Amino acid sequence: MKLSAAERGSVLQSMRDEEFDVAIVGGGITGAGVARDAASRGLKVALIEGSDFASGTSSRSSKLIHGGIRYLENLEFHLVFEALSERQRLFEMAPHLVHPLRFLLPVYKSGRVPAWKIGLGMWLYDALSLFEAPELSQFLDVNEVSEEFPALQLNGLTGAFAYYDAYMDDDRLVMETLRSARQHGAEIANYVRATGVDFEGDFICAIECEDQLTKEKFPLRARHFVSSVGPWTDKLGQSFFKDWKKKLRPSKGVHLTFDKKRFQLHDAVVMGAESRIVFAIPRHEMVIVGTTDTDYPGDPAQVQTTKEDVDYLLHVVDQYFPGAKITRKDILGTYAGVRPLIDDGAQTESKTSREHMIWTDPRGVTFVAGGKYTTYRNMAEQTVDEVLNYFSLEERVRYNRPKTLEPLNSIVTETLFERAKFEHPQWAKACGLPEEITAKLADRHGLEARLIIRQALPVFARTANAEEWMWCAEALHAIEHTMCLTLTDFYLRRTHLVLARADHGLPFAKAIAQVMGDRLGWDQRRRAEEINALQNQIAFELSATT
Ligand SMILES: Cc1cc2nc3c(=O)[nH]c(=O)nc-3n(C[C@H](O)[C@H](O)[C@H](O)COP(=O)(O)OP(=O)(O)OC[C@H]3O[C@@H](n4cnc5c(N)ncnc54)[C@H](O)[C@@H]3O)c2cc1C
């Protein structure tokens, strides 16, 4: 079973015709994790996502898999321990999406937290990872720091701590988790919105759905329902129950992106600005700076970077890297997301706990919200355990064990990923592609890159521009394996083109729209509309930088 655009019609037909054990609303990382966990236990699962998969918070994170060093300050040791254990598992489950990254935490005389306390925190961080981090933390003196980071503010610097965490591709982690859920038998569709519920007596028997492409409505029947709609939890709760009580304290987080050549960093730097931490994170394709953390009561779908957000982040960068002289003009991209934090009555948004909450309304819906990407597998397992409380004892025993520690993609294990990086020059020779291109594909997809190339070669000719050919091949794969339905969805959530390039990959748009249009049946007018919609989306995201 594939998560393909071609199968969407038959998926919707099954959703109309059948009754499921569990129906999940929301296709971010939380819903994807719940679908994979439940389907891997043998439950009959359906998942609907109102827009594109990962289009909510799950493509707008800092893209880190981390223990959360700052949670040590709030004494949330169990949260850090859980996250560090999951970090280790994710290295094994998704080696192509989760990569180790060294972090540097500079210590200044005027710093808010004294060096001895940070040192203690570092030791605790190593201990809570059971000393299994890619490398243990260490202290660097001023000379060592200035050699490694000449652009860093050296005035008042007393040294720095170095430690390891990981960076990842958040959106693609959602797609791979959903693909795995689909292989376990889950019926999954994007652009299907939950609009209300149907009751049978005191219990919900179906969710009212609306296909966003055709505006057709249908009931999705299940024995139990899960809400994993992140920052939309209160909105969905209100549409389900008249007596809904507000649960969230949503908080906005903004990131800026820069060219790696312009903002040269080989390790991530932790900038302890005021009461919150801002990271500068180098990745294979760009540098990300973020995040802000401000209360956000508005519509999560309309969240946007403001001029104040940009000023704040540029100010922090300037404080830490005065020599780099980074300005507005250097910003390649920005993105804003909404954390679905649970309202725990904390005084400030940054003190609000990052812990998740799972609770069940006895009318038949389990809600899960809050938490972090890093711990999504655990959250999902706990959610399905909670759901099973509403099933018979025999069923609970039968569906007891999830199989979620296996690699998300069976041809991208740690060993096979290394093999792909070693073998790709042979693919280049065999297919007449530049090695630079096969290396990129192997890095992004491991051995699956071979299939991407094989699938594309007979469909469209290699163009003079090898990179354009590569993105066209990726687009074909995205349609076939991630149910990608629009050009904007491809650019924003299957690639890093918009965030990592000054031209946002727009020079490839015509060729990609052609390939997507041929597969999805778009006429010339629709192709032009798709390019237009992409340009508008980029302008929306970037409006605060001009
Ligand atoms: C700025 C920022 C930085 C972060 N950085 C990190 C980090 O580096 N590491 C980390 O571990 N965590 C991080 N997090 C936390 C993490 O990103 C979130 O906890 C996680 O993405 C939440 O995912 P979710 O699936 O619960 O919500 P979402 O991703 O928002 O998914 C909810 C989905 O539900 C859909 N939906 C809503 N209403 C309906 C409806 N009526 N019908 C159908 N579908 C509907 C939406 O379209 C959406 O796709 C960060 C969060 C933010 C905001």
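**Exercises: a ligand shell and a helix pair**

In this predicted model, 39 residues surround the ligand, the closest being G28, G50, G56, G230 and G253 (near means a C-beta atom, placed from the backbone, within 6 Å). Residues are numbered from 1 along each chain as its sequence is written. Because the model is predicted, local features need pLDDT of at least 70 and side-chain atom pairs count only at pLDDT 80 or more, while totals for chains, interfaces and linings use all residues.

**Exercise 1.** Work out which elements give two or more residues to the shell around the ligand, and which domains it draws on.

*Solution.* Start with the elements: α2 (29-40), β8 (192-200) and β16 (331-339) each give two or more residues (helices are DSSP runs of H or I, at least four residues, and strands are runs of E, at least two, numbered from the N terminus). Next, the domains: domain 1 (5-57 + 171-248 + 353-398) and domain 2 (72-167 + 249-342) each supply at least three residues (bounds come from an automatic or database domain assignment).

**Exercise 2.** Describe how α2 packs on helix α6 (residues 170-183).

*Solution.* Two packed helices are described by the angle between their axes and the distance between the axes. Here the axes come within 8 Å and cross at roughly 25 degrees (axes are lines fitted to C-alpha atoms over the stretch in contact, with angles from 0 to 180 degrees between N-to-C directions). So α2 is roughly parallel to α6 (angles under 35 degrees count as such). Now the residues: α2 brings I29, A32, G33, A35, R36 and A39, and α6 answers with L173, V174, T177, L178, S180 and A181 (contact means C-beta atoms, placed from the backbone, within 7 Å).

Definitions and conventions. Parallel < 35°, antiparallel > 145°, perpendicular 65-115°, else oblique. Contact = placed C-beta atoms within 7 Å.
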